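Welcome, and please open the model in your viewer. We will walk through it one selection at a time.

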Amino acid sequence: MLNRLGTHQLIVAAALLLGIGLVMIYSASASRSELIFGSSWVYVGRQLAGLAVGVIGALVLARVPLDWLQRVGYLAYTGTLVALIATLGPLGVAENGARRWLVLGEITFQPLELAKLGLVLGLAQWLAGRCQRMRDFRVSILVPGLLAALPALVLLQQPDFGSAALILLFAAVMIYAAGARLDHLAVTGLVAIPVAFWVALLADYRMDRFKGFFDPWADPLGGGYQLIQSELGFGAGGLTGAGFGAGQQKLGYLPEAHTDFILSVIGEEAGLFGVACVLVCLAIIGLASLGIAARAKTPFARLIAVGASLLLWLQGMLNAGIAMGLLPTTGTTLPLVSYGGTSLAVSVAAFGLLLNVARPTRRGRKGWR
């Protein structure tokens, strides 16, 4: 299966998700956009701007020599970490109780998304340069763990526990892909997981989310509200959906309908078939990315492919699990589909990294791997 899925299938799946995203963002945000801005196309226009930035980034990252990227991995990591820290200062903007955005003149962006890409590059540089020493606990666990812990700690200060956990999960998968010992990972997990649960339960709002996840109907207007409205959307869609634009949950009932919970809008308007289409596209991206990683010629290229697939496939599956009530609610977007200029730009740029790893390396070879 991994050998059969390659770059062409990856491109088709990504293009389908982008198309679905633009259509459903318009459907989910048109009324809100009309009410706030006087035009139903503002959110779609901003998404197209993010797509344009992402395409430029993808074109650059698809052609830059991988050995050059390997030399600047730490620099990318440091720069994105500094941007993340800046959200806690005067340039940071608070919204919904969290300081997750930076404002530079007329530009507002979310450094978290850049930090994910920076972490992938930084970890790949460290791990690839020490692939022969991965049985050393300090090399394989301590230093990479510190690289992941720094942005995670900043995210906890915003606060954004879900993204902090996602950053650590990305790091754990990349460390495993680099060849770390399973017993080292297991011991680290036995220590880290209880600590993560303890941190999660320190804040009342996170406790409410956990309660809402296990029994949303115990507090239908509080901790369980968002999940209930999302599930109502899926239920109303049935097999074929209510039709484009005919969904009701987006009309002020489902919070973040055009961002974190856009899959519920797809479920209501396109039904089970629409949701299945999104999940199949994500699965194709995941399998094709693993195939590209398996065929990579260097450890750095393999780790870059794994990291890019995490940004696209794993985050997408986590978002789907949250929207369907299989995971506790956190602010995680659906890559290539959800509204968010920074998220879309970084997702498309990560796609460019995958294309770079898949690029032919032998002279005279035609086509993509």
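Start by selecting Glu256, which sits in the loop between helix 10 and helix 11; helices here are DSSP runs of H or I with at least four residues, numbered from the N terminus. Although Glu256 is not a glycine, its phi is positive, about 55°. With a relative accessible area of 30%, Glu256 is partly exposed (buried means under 20%, exposed over 50%, partly exposed in between, using a 1.4 Å probe and protein chains only).

A word on what you are viewing: this is a predicted model, where local features need pLDDT of at least 70 and side-chain atom pairs count only at pLDDT 80 or more, while totals for chains, interfaces and linings use all residues. Residues are numbered from 1 along each chain as its sequence is written, and side-chain values use heavy atoms, leaving out hydrogens and water.

Next, select Gln249, in the loop between helix 10 (225-237) and helix 11 (262-294). Is it buried or exposed? Gln249 counts as buried, at 11% relative accessibility. Among the residues Gln249 touches are Leu232, Leu254 and Glu268 (contact means heavy atoms within 4.5 Å).

Now move to Leu336, in the loop between helix 12 (299-323) and helix 13. Leu336 has a positive phi near 75° and is a residue other than glycine. At 5% relative accessibility, Leu336 is buried.

Finally, select Pro159, in the loop between helix 6 (137-157) and helix 7 (161-177). Look at the peptide bond from Gln158 to Pro159: this bond is cis, with omega near -5°.

Definitions and conventions: Helix = DSSP H or I, 4+ residues; strand = E, 2+ residues; numbered from the N terminus. Lists of a residue's contacts leave out its neighbours within four places in sequence.
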